[in-house]
Amino acid sequence: MAVYPESHIYDVLIVGAGPSGSSAAYWLAEAGYDVAVLERKHFPREKTCGDGLTPRAVRQLEDMGVGDALTEAHKYYGLRTCAYGRELELRWPEHPSFPPYGYVITRHDLDMLVAERAVKAGAHLFQETEAIEPIIDTLQPSERISSSRSDIPMQPAQESLPRLLARTSASAMQPAQESLPRLLGIRAKDVKSGQLADFKARYIILAEGTASRISRAIGAKRDKRLPLGMALRGYYRSPRHDDPFIESHLDVRDENGDTLPGYAWIFPLGDGRVNVGVGLITTSGRWKRVNTSNMMDVFISNAPSSWGLRPENSCGPATGGRLPMGLSTVSKCGPNVLLTGDAAGSINPFNGEGISYGYETGRIAAACIGNALCGGGSDALYDYDYRLQAAYGDYYKIGRTFVKMISQPEVMHRCVQLGMHSKPLMEWLLSIMANLLRPDSNAPAELAYKLLAAVARSTPDPEDFTMSLS
């Protein structure tokens, strides 16, 4: 039976030890704060994912001191794009902030590495502990004691938090009203024994992933007008398990041969296996009935034979999940609570990548809560939305419009055919879609993006943006 603290009040309580939760836990614990993390599973545990780490994700892991632990993982150097009988090998671009390589490592191994790093920094990890309901503060603001512990300014215990705040500094932006309620804590239970416990904290981060049980219970919801992806992945033994490129197929089809608004991938793991999957990304209701299992079967049957993707090489049934994209969660903050990672809908709509944005939003959340713990109070938490918009607002708006456009099969077909006949164009697109643009550059990709961003800022929604591009 788990031993849970009684009447202890943490500085920060985090629900979920995936990328965003463990990232936030690391940065706050490394700064000396009293942090607890609730994780429903026991590490190591399986997690449905493509398992690919882009240069953005590698940068975050290296900043957290996990870089050396990745040396056992499979290192790769770029993306091989395949469509309509052609293929292009595109290396990651040189960048002053991100390395020119990535890794493929299962979430089974990766999430444990990062969670252990957070524990080593001082976080308390409660495994096999399921968050079941929020403990909502029902008092009116005037009824709260002004000298309560949550209002007492605290200085960070180490010098690292000011550095963290400096990397993500922004002016506070408080909304007209609180979008999420104030929480006193989270009621949780031991998965094995059913033992209940109330975890209390001054600030709370909900890093629950796509399930988002607590987030939904306090009023967070997804904007259904924004992109939602569906993905399915499985593992296969393959003679090309140590290929130096990950592979993406842009001409995926259904069982009738019709083009779909999505992609397929083959990511080599270097251990005898490859991660194989399909993703459907759309805002259009016409694609809701697409069966991703059929989509996967069609891709497997048409994949290059050199990969050896045959039934006898399968390592087990494929598993799938949803991909909430483009900051699609409407309410992401309250006076003492923040949503991060998939719970905030932070997945990149261009390519379905979520790991790096989990690490980054967790780090941004840690900075905001660190500022709150230093005396900034609720204003520091409302700054979170501002920081997310500053980091991703224009980019995700362009991405959402991109998804809307490729939801039209004829547009998808024409764009892919054009791109596959121009390697420079595909290299520019890789820089944009992987969010690896150089702010100090006026190269073609950067100039094209700056033009798109200017249009995006001048239009209120993707519908108007799409019209302005046509």
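Mentor: Threonine 292 is found in helix H6, which covers residues 292-302. Helices here are DSSP runs of H or I with at least four residues, strands are runs of E with at least two, and both are numbered from the N terminus. The model is predicted, so local features need pLDDT of at least 70, side-chain atom pairs count only at pLDDT 80 or more, and totals for chains, interfaces and linings use all residues. Residues are numbered from 1 along each chain as its sequence is written, and side-chain values use heavy atoms, with hydrogens and water left out.

Threonine 292 has a relative accessible area of 15%, so this residue is buried. Buried means under 20% relative accessible area, exposed means over 50%, and partly exposed lies in between, with a 1.4 Å probe and protein chains only. Leaving out residues up to four places away in sequence, threonine 292 touches Met230, Leu232 and Val278. Contact means heavy atoms within 4.5 Å. Alanine 231 is 61 residues from threonine 292 along the chain, yet their C-alpha atoms are separated by 7.1 Å.

Now the whole chain. It has 11 helices and 17 strands. Of its 470 residues, 54% count as buried. Among contacts with a separation of 6 or more, 77% join residues 24 or more positions apart.

Next, helix H1, residues 19-30. H1 packs with helix H3, residues 107-121, at an angle of about 20°, and their axes are 7 Å apart. Axes are lines fitted to C-alpha atoms, for helices over the stretch in contact, and angles run from 0 to 180 degrees between N-to-C directions. H1 and H3 are therefore roughly parallel. Angles under 35 degrees count as roughly parallel, over 145 as roughly antiparallel, 65 to 115 as roughly perpendicular and the rest as oblique. On the H1 side, the contact includes Pro19, Ser22 and Tyr26; on the H3 side, it includes Arg107, Asp111 and Val114. The contact of H1 with H3 has 8 nonpolar, 2 polar and 4 charged residues. Ala, Val, Leu, Ile, Met, Phe, Trp, Tyr, Cys and Pro count as nonpolar, Asp, Glu, Lys and Arg as charged, and the others, Gly among them, as polar.

H1 also meets H7. Their axes come within 7 Å and cross at roughly 40°. Trp27 and Leu28 are among the H1 residues in this contact, and Ile355 and Tyr359 are among those of H7. By class, the contact of H1 with H7 holds 8 nonpolar, 6 polar and 1 charged residues.

Helix H8, residues 409-419, has Pro409, Val411, Met412, Val416 and Gly419 as its buried residues. Seen down the axis of H8, these fall within an arc of 160°, so they line one face of the helix. The arc is that of the directions from the helix axis to the C-beta atoms. On the other side of H8, Arg414 and Leu418 are exposed. The partners of the buried residues of H8 include helix H7 (355-406) and helix H9 (423-433).

Last, serine 431, which sits in H9. Its relative accessibility is 8%, so serine 431 counts as buried. H9 packs with helix H10, residues 444-457, at about 55°, with axes 9 Å apart. H9 and H10 are therefore oblique to each other. In this contact, Trp428, Ser431 and Ile432 of H9 meet Pro444, Ala445 and Tyr449 of H10.
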